[in-house]
Amino acid sequence: MHIKPKKRLGQNFLIDKNIQRKLVAFYNLKASDRLLEIGAGYGELTKRVAPHAAFVYALEIDPELCKILKENTIGYANIEIINQDVLKFNLKQHFRKVKNKIKVIGNIPYYITTPIIELLLKYQDKIETIFITVQKEFAKRITAHPGSKDYGSFSCFVQYYAIPQALFFIKRTSFSPQPKVDSCLLELKIRQEPAVKPKSEKLFFKIIRAAFNQRRKTLRNSLDGTVSLEKLQVFFKKDHIDPNIRPEDLALKDFASLANL
């Protein structure tokens, strides 16, 4: 039984069996792993990972799909179906009794990719690794290095908490309904400690957001009103940085150094 995909929920179902198998292989699952699957859909991936993991928590917002999901996973004792919006899901509360860190997998709705990642990174102490299918261009942004046109404030945010890697690209024809763009399996390996250690995270991210808000300008101009020219001059001299540098050429350590001044 199938239902008509709901555009408002960003439903694009992965129908390519070969890609499904490839995803499971890249998850590198252990028998002790506990998985949170976001957007379980009909349970195609759920049933594939269940035999390789200790437990699977299948999160699905669509109540119609949940009914089908329950029917499709009958006989799997290690699957729990949760009918809830991921953005309202209290991960810490749900996994309060789970000692080991969990893995997160899922083919997530593209239109809420950013808030989902922001939410998951809030629970970094509960998560070991995140494997999610995202738009190809979005994956390029997340994994971009300083000096790249794709590098921006969200690249910095994610790379502060995790080590991102684009594992492989997935053609749009692998989904139904077919999206307008190709996709990518993105891995976010949560860091034990943040990539850098600013004295104030709040100020650190405030400076990054301000810098990239006007990324075509030099850093000196984009941070006008956020960081004094006097502090910037000290920063340029101390860290041997060109005063005409643009925000996309600064690494996380540079932003941390500036914030600490």
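These are my notebook entries on one predicted model.

**Entry 1: the whole chain**

I began with the overall make-up. The chain has 261 residues, and 50% of them count as buried. I found 11 helices and 9 strands. Along the principal axes, the C-alpha atoms fill a box of roughly 65 × 40 × 30 Å.

Next I looked up the contacts. Among those with a separation of 6 or more, 65% join residues 24 or more positions apart.

For charge, I noted 45 positive and 26 negative side chains. The centres of the two sets lie 1 Å apart.

**Entry 2: the nonpolar cores**

I asked which residues touch the most other members of the largest nonpolar core. They are Leu36, Leu91, Ile127, Phe204, Leu219, Leu223 and Phe255, out of 63 residues in that core. Helix H8 gives the most to this core, with 7 residues.

I took Leu91 for a closer look. Leaving out residues up to four places away in sequence, Leu91 touches Leu36, Ile102, Leu120, Tyr123, Lys126 and Ile127. Another core, of 24 residues, lies apart from the largest one. Its members include Val49, Val56, Leu167 and Phe175.

**Entry 3: helix H6**

H6 spans residues 136-143, and I wanted to know which of its residues are buried. Phe138, Ala139 and Ile142 are. These three cover an arc of only 100° around the axis, so they sit on the same side of H6.

What do the buried residues of H6 pack against? I listed two helices, H5 (113-122) and H7 (153-161). I also listed strands S6 (127-135), S7 (162-170) and S9 (183-190).

**Entry 4: Thr218**

I went to the loop between helix H8 (201-213) and helix H9 (219-222), where Thr218 lies. Is Thr218 buried or exposed? Its relative accessibility is 14%, and the cut-off for buried is under 20%, so Thr218 counts as buried.

I then looked up its contacts, setting aside neighbours within four places in sequence. Thr218 is in contact with Asn244, Ile245, Arg246 and Pro247.

Methods. Residues are numbered from 1 along each chain as its sequence is written. This is a predicted model: local features need pLDDT of at least 70, side-chain atom pairs count only at pLDDT 80 or more; totals for chains, interfaces and linings use all residues. Side-chain values use heavy atoms; hydrogens and water are left out. Helices (H or I, at least four residues) and strands (E, at least two) are DSSP runs, numbered from the N terminus. Buried means under 20% relative accessible area, exposed over 50%, partly exposed in between (1.4 Å probe, protein chains only). Contact means heavy atoms within 4.5 Å. Lys and Arg count as positive and Asp and Glu as negative; His and the chain ends are not counted. The place of a charge is taken as NZ of Lys, CZ of Arg, CG of Asp or CD of Glu. The arc is that of the directions from the helix axis to the C-beta atoms. A nonpolar core is a set of buried Ala, Val, Leu, Ile, Met, Phe, Trp, Tyr and Cys residues joined through side-chain atoms within 4.5 Å.
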